[in-house]
Amino acid sequence: MEHENENSDVSRAEEMKNQANEAFKAHKYSHAIDLYTQAIELNSNSAVYWANRAFAHTKLEEYGSAIQDASKAIEIDPKYSKGYYRRGAAYLAMGKFKEALKDFQQVKKICPNDPDASRKLKECEKQVMKLKFEEAISVPGSERRSVADSIDYHTIEVEPQYSGARIEGDEVTLDFVKNMMEDFKNQKTLHKRYAYQIVLQMRQILCALPSLVDINVPDGKHFTVCGDVHGQFYDLLNIFELNGLPSEENPYLFNGDFVDRGSFSVEVILTLFAFKCMCPSSIYLSRGNHESKSMNKIYGFEGEVKSKLSEKFVELFAEVFCCLPLAHVINGKVFVVHGGLFSVDGVKLSDIRAIDRFCEPPEEGLMCELLWSDPQPQPGRGPSKRGVGLSFGGDVTKRFLQDNNLELVVRSHEVKDEGYEIEHDGKLITVFSAPNYCDQMGNKGAFIRFEAPDMKPNIVTFSAVPHPDVKPMAYANNFLRMFS
C-alpha cells in the first residue's frame, strides 16, 4: 500500500510540474513557483523540479532563491548539468562572475561536446578577465578625480545642422523640456552639450541635499509618488499625460530604478533630471538599487549611454547616482524608500540622515538595506529572495513607524500585478510604475497621490502604452542576454 502511495505521489508531482511548465511559458512565474513547490512537496528527490523552480525565481529577479534551489538540484544529482547552469546564470545576474565561472566550468565538464556550454564558458572567462583588468587599473577612491570637474560644457560646439531642443543660456526652461521630450518621443537624440549641462547641473543640486530629504506639502495641495520606471520612457510620458507634468503645483517623487532593463533609459533619466534642473521643488528623486555601476554594467544602462552619448557619460552618471538621496519623509508622516527596512530594530530617521551616501552601494548595512530589502507576509525577519538585503515582516514595519512617529511606509522595487500592493495591515504600500515590465510581465503600473493635510493614499493604476520596436535589454551585457 505504501508503495502505491509513493507511486501516486510521484505521478501527481509530474502532473504538477507539467502545469508549472505551462504557467512558466505563459510568463506566470509566481504561479509556476507555487506549482513547482507543490511538485517538490510530493517528490523532493527530483533535481529537475528544483532547477525549474530556480529558473522561475530568476525570472522574478529572486536570485538568492534561485541559487538555493539550483544548489539543492546539484545536491540531489551532482551530474545534472542544468543545476550548475541555473545557478551560474543566477550568480551572473548578481554580477558574481567568479562564482558563475566555476558553475559553467562544471557544465562544460559534464557536457564536453555541447557547443552552447563551450560558448557560455568562453564568454564567462572573458568577463572575469575583463573584471580582473578593471580592478588592476582602477584608482583608489581617495585618489580618484571627479569626472565632472574635467568637463566644461560651454566649450562644446553645437553644429549648425543640429535641429533638436536647445537650452538658451544657463537655465533649463519648461519649453526646452517639452521640446526635448517631443524629440525623444520621435527617437531623436539630445546634443551632448545640453546633456552635459543637465547632468552637471543636476549633480550640483543633488550634492547639496541630505541623505534623507523632508518634503512639506501645504494643506489643500497634493503630491504624487511613482515607483520604478526602468527605462520605459513611453510609459513615463503616459504618467505625465494622466497626472500632469511636474511643477511646483504638481510635484512628484520618483522612487528609484529610473534606468536599466527598458531600452529608453537615457531618455527617462534626462527627462527626470531636466525637470529637477528646471524647478527643484517640482520633482524629487530617490536612489534605487539600479542606480549603481554594477547593475548598469549588466542590465543595459551602460551600453545604452555608450551608444547614445559617450563613454565619459557612463562615468558621469555613475558619479551623479552616488549623490542621489536615499529616502524621503512627506509631512512627517510618510516614509518613502526604494527597497525597505532594516536588519536591526531601533533605526531612527537621524541614523538615515547621517549615512555617507556618496559611494557605490555597499553589500550590507543601512544603505544596502534601504535599497534592496523586501517585505514578507510572516512576522520577524528572513533571508532575502534576492540574495542581497533581507525580508522584513509587519511587526518590523510597525515598530519602525512607532519609533519614528510615522504612519506609512511607501516602497517600490518589486513588480506587482496591479502596479501596487498594500501589506502589513495597511502600513506598507509597494508602488511600481513600469507596466508590462520588460514587455512580458503583463502587470499594470501605478502611482500614489497624497492630499494634505490627511495624506491618505489614493492609488491610480494604468496600463502599458505602445513603444518603438526596441526590445528591453537591447543594450544589455550580451553575456546576460544569452541566459535570459
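1. Start with Lys276: this lysine lies over the face of Tyr284, 4.5 Å from the ring centre. Arg86 does something along those lines with Phe55, its charged end sitting over the ring at 3.8 Å from the centre. To count, NZ of Lys or CZ of Arg has to be within 6 Å of the ring centre and within 35 degrees of the ring normal.

2. A word on the source: this is a predicted model, with local features needing pLDDT of at least 70 and side-chain atom pairs counting only at pLDDT 80 or more, while totals for chains, interfaces and linings use all residues. Residues are numbered from 1 along each chain as its sequence is written, and side-chain values use heavy atoms, leaving out hydrogens and water.

3. On to ring pairs: there are 22 aromatic pairs. Phe, Tyr and Trp rings (the six-membered one for Trp) pair if their centres lie within 6.5 Å; planes under 30 degrees apart are stacked, over 60 edge-to-face, and the rest tilted.

4. Phe273 and Phe317 make a tilted pair, 6.3 Å centre to centre with 40° between the planes. Phe273 is in helix α11 (residues 265-278) and Phe317 in helix α14 (residues 311-321), 44 residues apart. Helices are DSSP runs (H or I, at least four residues), as are strands (E, at least two), numbered from the N terminus. Phe273 is buried at 0% relative accessibility, and Phe317 is buried at 1%. Buried means under 20% relative accessible area, exposed over 50%, partly exposed in between (1.4 Å probe, protein chains only).

5. Ring pairs also join Phe273 and Phe317 with Tyr196, Phe301, Phe313 and Phe321 in a cluster.
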